[in-house]
Amino acid sequence: MSNLLYEAQAFAFRGAPRFHLQQRIGLAVLLLLLLFACIPAALAHEFKVGDLEIEHPWSRATPPGAKVAGGYFTVINKGSAPDRLLSISSDISDRAELHEMGVKDGVMTMRPVSGGLEIPPGGKVALKPGAYHLMFVGLKRQPKQGEKFPATLAFEKAGSVKVEFAVEGMGETGAGDMDMDHAD
Ligand SMILES: [Cu+2]
């Protein structure tokens with residue numbers, strides 16, 4: 001028997017197997033954590049048009065009878081001129097509006113953005129719960145968790161681009177961001 005094997009065996013008989021088991025469980029937990037950490041990245045999707053990148057458009061499942069659903073994504077402008085998000089359309093609703101949140105007299109309100117949403121050159125604008133967001137108004141059906149629905153975004157300079165909104169769970173707030181109910 002080689003010295004190495006003998007040593008390994010001796011080590012094993014001194015309670016090493018238990019240590020190894022714990023190590024293995026630790027490793028399994030770590031791998032699971034890594035796997036879960038990778039899931040959002042795997043679900044992330046992006047679209048390009050001109051100098052713009054549209055990252056991870058997502059919406060939220062709605063309860064039966066709901067008339068509106070939110071829409072969120074990030075636009076990155078890699079160009080040297082500002083662009084503007086002018087309009088959004090989708091078969092899922094009668095229309096889509098661009099909203100912004102604000103506080104008026106201590107009350108959180110949202111109002112339509114007029115004149116489009118500027119995307120500064122070399123910058124990005126995030127549409128997310130509690131901030132700028134899309135609102136699909138007059139839902140023709142309820143978006144279901146796990147599906148994707150198509151929409152078209154129209155930009156002033158870059159033109160139109162078809163994207164897909166990934167529908168997430170009803171409670172999804174988007175990476176822990178503040179959430180608001182839309183009661184309109
Ligand atoms: Cu809104």
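Colleague: In which element is His56 found?

Modeller: This is a predicted model, and His56 has a phi near 45°, a positive value in a residue other than glycine. As for its place in the chain, the element that holds His56 is strand 2.

Colleague: Does His56 count as buried, partly exposed or exposed, and why?

Modeller: A residue is buried with 20 or more other C-beta atoms within 10 Å, and exposed with 12 or fewer. His56 has 18 C-beta neighbours inside 10 Å, so His56 counts as partly exposed.

Colleague: Which strand is joined to strand 2 by four bridges, and which residue is the bridge partner of Ile54?

Modeller: Strand 2 covers residues 52–60 and runs antiparallel to strand 1, residues 46–49, with four bridges joining them. The two strands form a hairpin with two residues between them, and there Gly50 takes a positive phi near 55°. Within this pairing, Ile54 in strand 2 has as its bridge partner Phe47.

Colleague: What is the phi of Asp105, and where is Asp105 found?

Modeller: Asp105 is a residue other than glycine with a positive phi, near 55°. Its place is the loop between strand 5 and strand 6.

Colleague: Which strand pairs with strand 5 over six bridges?

Modeller: Strand 5 spans residues 93–104, and the pairing in question is antiparallel.

Colleague: How many bridges join strand 3 to strand 9?

Modeller: Strand 3 (residues 68–77) and strand 9 (residues 133–139) run antiparallel. Val68 has Val137 of strand 9 as its bridge partner. The number of bridges joining strand 3 to strand 9 is four.

Colleague: Which residues does Gly116 touch, beyond those up to four places away in sequence?

Modeller: Gly116 sits in the loop between strand 6 (107–112) and strand 7 (117–119). Gly116 counts as partly exposed because it has 15 C-beta neighbours inside 10 Å. The residues it touches are Arg84, Leu85, Leu86 and Glu156.

Colleague: How far apart in space are Gly116 and Glu156?

Modeller: In sequence, Gly116 and Glu156 are 40 residues apart. From C-alpha to C-alpha, the distance between Gly116 and Glu156 is 8.8 Å.

Colleague: How many helices and strands are there in the protein?

Modeller: Along the sequence the pattern is α-α-β-β-β-β-β-β-β-β-β-β-β. Of the protein's 184 residues, 21% are buried. Among contacts with a separation of 6 or more, 69% come from residues 24 or more positions apart. The count of elements is two helices and 11 strands.

How values were computed. Residues are numbered from 1 along each chain as its sequence is written. This is a predicted model: local features need pLDDT of at least 70, side-chain atom pairs count only at pLDDT 80 or more; totals for chains, interfaces and linings use all residues. Two residues are in contact if their C-beta atoms, placed from the backbone, lie within 7 Å. Two strands pair if DSSP finds at least two bridges between them.
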